[in-house]
Amino acid sequence: MFEEISATFEFARRLTYLHQHDKERLEPELIRMQTSAERHMLRELQAATPALKIIASDHTLTDSVRKHAEAILALTRKT
């Protein structure tokens, strides 16, 4: 359980870093996070909500990146 919570916080940290410093690597990270969340390998997903909301609302990013962030946000609402 603690590993799953830790993984969620680590994803949130990496997303924040990538959004600020390496936007090209953001989409693969979001895809990995979405896959992990769908496989129930993450807990307390709402901890990543602030980072995901910032990414989802950033119109300088591609639609694909924003849609992945929105899909993960939708998963947080289901749990």
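1. Let's start with a loop residue. You'll find Glu-44 in the loop between H2 and H3. Keep in mind throughout that this is a predicted model.

2. Now look at the backbone there. Most residues other than glycine have a negative phi. Glu-44, though, has a positive phi, near 55°. His-40 is another case: this residue is not a glycine either, yet its phi is positive, at about 60°.

3. Where does His-40 lie? His-40 sits in the loop between H2 and H3. Is His-40 buried or exposed? His-40 is exposed, because its relative accessible area is 63%, and exposed means over 50%.

4. Next, the inside. The largest nonpolar core is made of 20 residues. Those with the most contacts inside this core are Leu-15, Leu-26, Leu-30, Met-33, Leu-45, Leu-52 and Ile-55. Which helix gives the most? That would be H4, with 5 residues.

5. If you leave out residues up to four places away in sequence, Met-33 touches Phe-11, Leu-15, Leu-42, Leu-45, Ala-48, Leu-52 and Ile-72. Among these partners, Leu-15, Leu-45 and Leu-52 are also on the list of residues with the most contacts inside the core.

6. On to a helix pair. Two packed helices are described by the angle between their axes and the distance between the axes. For H3 and H4, the axes come within 8 Å and cross at roughly 145°. The crossing of H3 past H4 is left-handed.

7. Which residues make this contact? From H3 come Thr-49, Leu-52, Lys-53, Ile-55 and Ala-56. From H4 come Val-65, Arg-66, Ala-69, Glu-70, Ile-72, Leu-73 and Thr-76. Sorted by class, the contact has 7 nonpolar, 2 polar and 3 charged residues.

8. Last stop: Ala-71, which is in helix H4. Ala-71 is partly exposed, because its relative accessible area is 25%, and a residue has to be under 20% to count as buried. How far apart are Ala-71 and Leu-42? In sequence they are 29 residues apart, and in space 15 Å, C-alpha to C-alpha. Leu-42, for its part, is one of the residues that Met-33 touches.

Terms used
Residues numbered from 1 in each chain as written. Predicted model: local features only at pLDDT ≥ 70, side-chain atom pairs only at ≥ 80, totals over all residues. Heavy atoms only, no water. Core = buried A, V, L, I, M, F, W, Y, C linked by side-chain atoms within 4.5 Å. Buried < 20%, exposed > 50% of the residue type's maximum accessible area, 1.4 Å probe, protein only. Helix = DSSP H or I, 4+ residues; strand = E, 2+ residues; numbered from the N terminus. Contact = heavy atoms within 4.5 Å. Axes fitted to C-alpha atoms, helices over the stretch in contact; angles between N-to-C directions. Left-handed = near helix turned anticlockwise from the far one by under 90°. Nonpolar A, V, L, I, M, F, W, Y, C, P; charged D, E, K, R; others polar.
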